[in-house]
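Please examine the structure shown below before reading on. The paragraphs that follow lead from the whole protein to two positions within it.

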Amino acid sequence: MAERCAWCGNDPLYVAYHDTEWGVPSHDDRHLFEMLVLEGAQAGLSWITILKKREHYRRAFDGFDAERIARYGAEEVARLLADPGIVRNRRKVEAAIANAHAALAVRERFGSLDAFLWRFVDGVPRDGRRRTAADVPAETAESRAMSAELKRLGFRFVGPTVCYAFMQAVGMVDDHVESCFRHAGIRL
């Protein structure tokens, strides 16, 4: 049996996420926006809670189409707050809409969300070289810089810890512990 990072446990959804997505470099603007929204929604909750709601989030938020979400008004906010398939927190729902506006502005200014976000690691994924889970930080200088810049541009629920979790999720950093089969499997 392959050794995995201890955080993923045995839940099949968590194992699939760990084995196929977490830490894999992503340059797709839609996916990057999705992960920013989901990582923000996760603040204060467990990631498995969000993973279990992910497919419903995709339906509720129009496939994470930033252009459509940016047009959401009071009616859509009310619809989302009544939807048990997502985290029904007004601040998080409103943050997703604000983040859609901010993402569109970033695309206009930098050409893509990808170009903007990946500059925080100079366009190259970092190998965390973590021996144990205890070696994985909650935030880094890069996640603090990303957080400050995202906030300056109008993004919400993007603190340094959320940004670091985002960076791990989209492969800006490989924090699979060295004993995990995925650490060797993701070639940076």
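The protein exposes about 8,900 Å² of surface, and carbon and sulfur atoms supply 52% of that area; accessible areas come from the Shrake-Rupley method with a 1.4 Å probe, and for residues only the protein chains shown count as cover. The model is a predicted one, in which local features need pLDDT of at least 70 and side-chain atom pairs count only at pLDDT 80 or more, while totals for chains, interfaces and linings use all residues. Residues are numbered from 1 along each chain as its sequence is written, and side-chain values use heavy atoms, with hydrogens and water left out.

Charge is the next topic. The protein carries 27 positive and 27 negative side chains, and the centres of the two sets lie 3 Å apart. Lys and Arg count as positive and Asp and Glu as negative, whereas His and the chain ends are not counted; the place of a charge is taken as NZ of Lys, CZ of Arg, CG of Asp or CD of Glu.

The secondary structure comes to 10 helices and 2 strands, and from the N terminus on the elements run α-α-α-α-α-α-α-β-α-α-β-α. The radius of gyration is 16 Å, close to the 16 Å that the globule rule gives for 188 residues, so the protein is as compact as a globular protein of that length. This radius is taken over C-alpha atoms, and the rule is 2.2 Å times the number of residues to the power 0.38. Helices (H or I, at least four residues) and strands (E, at least two) are DSSP runs, numbered from the N terminus.

Of the 188 residues, 51% are buried, that is, under 20% relative accessible area with a 1.4 Å probe and protein chains only. Among contacts (heavy atoms within 4.5 Å) with a separation of 6 or more, 67% join residues 24 or more positions apart.

Helix α6, residues 90–110, holds Ala-103. Ala-103 counts as buried because its relative accessibility is 0%. Leaving aside neighbours within four places in sequence, Ala-103 is in contact with Phe-33, Leu-113 and Phe-155. Phe-33 and Ala-103 are 70 residues apart in sequence, yet 7.4 Å apart in space, C-alpha to C-alpha.

Ala-100 also has its place in helix α6. Its relative accessibility is 0%, so Ala-100 counts as buried. Not counting residues up to four places away in sequence, Ala-100 touches Phe-33, Ala-66, Ile-69 and Ala-70.

Terms used
Buried means under 20% relative accessible area, exposed over 50%, partly exposed in between (1.4 Å probe, protein chains only).
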